[in-house]
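Hi,

Here is the structure I promised to send over. Have a look, and my notes follow below.

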Amino acid sequence: MPEFAVLRAPSQVLFGAGMAEAAGRVAATHGRRVLLITDPVIAGTPGFGTVEASLRAAGLDVAITTGAEVDVPPAAVDAAVELGRATEPDVIVAVGGGSVIDLAKVTALLLSHGGALADYYAVNSVPGPIVPLIALPTTAGTGSEATPVAVITDATTAMKMGVASSHLIPRHAICDPLLTLGAPPVVTAHAGIDALSHAIEGYMAAAETPSVDLVLGRPQVGKNGLSDTLALTAAGHIAAHLERAVEDGDDLEARTGMLYGSLLAGIAFGNSGVSTAHALQFAVGAATHTSHGLGTGLLLPYVMEFNRPARPHDLAELARVMRSPGGAVEHVHALGQRIGLPASLAEIGIAQEDLRGMAESSFNFKRLIDNNPRELDIDALERILDAAWHGDPARLEEVQSVRS
Ligand SMILES: [Fe+2]
C-alpha cells in the first residue's frame, strides 16, 4: 500500500484506434462554438480531417487556426488569442504534438483570465478554470494531453518558460493511435524517448512529506503511489514499442503501445513532476537548438546513474518492467543509441569548457532540481554533463561505488 497518492487528470480519457471520431460529440457537450487549433503540417493529415469532419457532423461552428509553431512563440499565442476573442469559443480542440496542445492551453488561459503569460509563470498562479480543452495528440511524447504544464517561449527573453496549474489539464484527452501513424522516424524517436524520460523521472521524483499545503499548493507533488503505478506501466510499454515504432511508422501495435505509454507517463509526471534531465535539457537545447526529446533522452541515463545510490530499488524495478537484465541505466542508454540519438554532448557541438556554465544555468530551474531524489549542486550537475559529454555513463563510477 502506498502511504501517499495524488491523481489529477483529464475528467475523460478516450483511448483507442478510431476514437478521434468522438471529438464532435464530446465538444458538443460544451456548446456550439469551437476553436480548433493545429499546425500547418497536421492540418493536411487524414487524422485532422477526421476530427474536423466529426465537429462539423455534430453541427458545431468551427473556427480554425493552423498557426501553431514549435516552442509556442509569442506571435502564435497572439494570433490564437485574437481569433479566440473574435469567436468566443465554448470549447477549444487541439490536434497536434506538444506545441499545439500547449498553445491551446495558454490560449484558453488568456481567453479566460486575460493579462500576459508572464503573469502566470509562478506555480499555481492561474486563478480558476479555463475554457474547456479537448486534446488529441499526434505524437507519443509530451503527454501534454494529460498534464498541468504548458511550455512556451517568453515574449521578452525568448527563453522557454513553463506555466503549471491543475487548471491547465485538458478536460478531455482523446488518444487515437491512428493520428500518430504519420510522424516521421526522428520525431517518433525524440518524442518517444522524452516520454520514457517522463516515466522514469516521474517515478524517481523526490518523495515529499505529505501535507495539505503540499497537495493543494503545487500541481506536481513528488513521488506517490498512483503516479508510480502509471509510470512503471508507461516505462514497460515504451521500452517494448519505441524501437519498433521508429523502424516502422505504420506498425499500429507499436504506435498504440507508444501512445498508451506516453499518456500514462504524462499523467504520472503531471502529478509527481520531472527533474534533472529536464533541467539540463533547457541548457543543452538553448545552446544547440536540438529538440527537447533529443536532450532529455541523451541525458536521462546519466541522471539515472547519478541517482543510483539514492534509489537502487527504483532502478531495479524499472529494469524489471523494461525487461532489461543488464540494468535500467544500460537499457536506456543502449535504446537511445539504437533509435539514433547522438552518442554524446560533444557530438552535438558542445565544448567541454561550456559545461560549467550550463550546469549553473540548469541549477536555476529550482522546481526541477528540487525534485531530484539525490541532493544536487552545481558540481554534481557538471559531473553529469561531463559524463554525457564523453558519452559514457561509467564516468560516474565514483558514484556507483557508493552502491556497495
Ligand atoms: Fe519532456
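The iron ion takes its protein donors from D194 (OD), D194 (OD), H198 (NE2), H278 (NE2) and H292 (NE2), at 2.2 to 2.7 Å from it. Donors here are N, O and S atoms within 2.8 Å of the metal (3.2 Å for Na, K and Ca), and with water not among the atoms, sites may look incomplete. Bear in mind that this is a predicted model: local features need pLDDT of at least 70, side-chain atom pairs count only at pLDDT 80 or more, and totals for chains, interfaces and linings use all residues. Numbering starts from 1 along each chain as its sequence is written, and side-chain values use heavy atoms, with hydrogens and water left out.

Along the chain, the donors of the iron ion are spaced as D-x3-H-x79-H-x13-H. H198 sits in helix α5 (residues 185-203) and H292 in helix α10 (residues 292-307), so the pair ties together parts 94 residues apart in sequence. Helices are DSSP runs of H or I, at least four residues, numbered from the N terminus. H198 is buried, at 3% relative accessible area, while H292 is partly exposed, at 26%. (Buried is under 20%, exposed over 50%, partly exposed in between, with a 1.4 Å probe and protein chains only.)

Then there's a helix pair. The axes (lines fitted to C-alpha atoms over the stretch in contact, with angles from 0 to 180 degrees between N-to-C directions) of α7 (residues 225-247) and α11 (residues 312-321) come within 8 Å and cross at roughly 45 degrees. L232, A235 and G236 of α7 make the contact with E317, L318 and V321 of α11, where contact means heavy atoms within 4.5 Å.

Cheers

Terms used
Helix = DSSP H or I, 4+ residues; strand = E, 2+ residues; numbered from the N terminus.
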